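Here's a quick briefing for anyone meeting this structure for the first time. Take a look at it, then read on.

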Amino acid sequence: MRLVVARCSVDYAGRLSAHLPLATRLLVVKADGSVLVHSDSLSYKPLNWMSPPTTFTIDEVDEERAEAGVVELWRVANAKTADLLVISIHEILHDSSHDLGVDPGLQKDGVEADLQRLLAEQIELLGDGHTLVRREYMTAIGPVDILAKDPSGVSVAVEIKRRGDIDGVEQLTRYLELMNRDPLLAPVAGVFAAQEIKPQARTLAEDRGIRCLVLDYDAMRGLETGHSRLF
């Protein structure tokens, strides 16, 4: 990963056009080809970026740009679209490269892992007559947190999150699409379970026929009376 702190202006051309005027920013060039432009305020997200696959070139600075103070001109083009990110660098304040190695990926935190274990032990929270098949049911694209059966024998795939957002619903949707191709499992119903489910995630889940289950972590641990709510 290359980290460059520079005074620069940025122009993006593609489906939308955008311009960032001259200011000091952090430029991140990642090994996968993505390039991100960050500021020290406004948001944790990049102000602008180009996703891989990309081609990265440093063009020769023409006379007009040189007179305006540009010392380096970066062009980052998406290899599949016509989108183009042009970064005009006026001054480089820092430039370093770091080998981060292979990332192991996001690991579930303790609460999320505990929720999975507790729900497996209290599978009746999915509804009367549900039975556990197994935890961490492996698919070709990753493990489903819980595979269960409803009283009629229909397979039920459960995705568990601490906070349920749209990304979690999309993840469960991918699992369901794949699992429903397996004649030994299909049909497979989906349950999106979390301590808190955002309204947008609930709307998307319900639109896709996925049930939402709000989990009371303390009650499941026996710390207080209460019940999970299935909607």
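Which residues does A157 touch, not counting residues up to four places away in sequence? They are V144, I146, L172, L176, M179, V188, A189, G190 and V191, where touching, or contact, means heavy atoms within 4.5 Å. Before going further: this is a predicted model, where local features need pLDDT of at least 70 and side-chain atom pairs count only at pLDDT 80 or more, while totals for chains, interfaces and linings use all residues. Residues are numbered from 1 along each chain as its sequence is written, and side-chain values use heavy atoms, with hydrogens and water left out.

**The chain as a whole**

- The protein chain has five helices and 13 strands; these are DSSP runs numbered from the N terminus, with helices being H or I of at least four residues and strands E of at least two.
- Its radius of gyration is 24 Å, whereas a compact globule of 231 residues would come in near 17 Å; the radius is taken over C-alpha atoms, and the globule rule is 2.2 Å times the number of residues to the power 0.38.
- Along its principal axes, the C-alpha trace spans about 75 × 40 × 35 Å.
- Looking at contacts with a separation of 6 or more, 46% are between residues 24 or more positions apart.

**The nonpolar cores**

- The largest nonpolar core has 19 residues, and A157, V169, M179, F192, I197 and I210 have the most contacts inside it. Such a core is a set of buried Ala, Val, Leu, Ile, Met, Phe, Trp, Tyr and Cys residues joined through side-chain atoms within 4.5 Å.
- At least two residues of this core come from each of β9 (142-149), α3 (166-179), β11 (188-197), α4 (199-207) and β12 (211-214).
- Of these, α3 gives the largest share, with five residues.
- Another core lies apart from that one; it has 17 residues, among them L115, L119, V191 and L213.

**A look at V29**

- You'll find V29 in strand β2, which covers residues 18-29.
- Is V29 buried or exposed? V29 counts as buried because its relative accessibility is 18%.
- Leaving out residues up to four places away in sequence, V29 touches M1, R2, S34, V35, F56 and W74.
- V29 and S97 are 68 residues apart along the chain, and their C-alpha atoms are separated by 9.1 Å.

Note on methods
Buried < 20%, exposed > 50% of the residue type's maximum accessible area, 1.4 Å probe, protein only.
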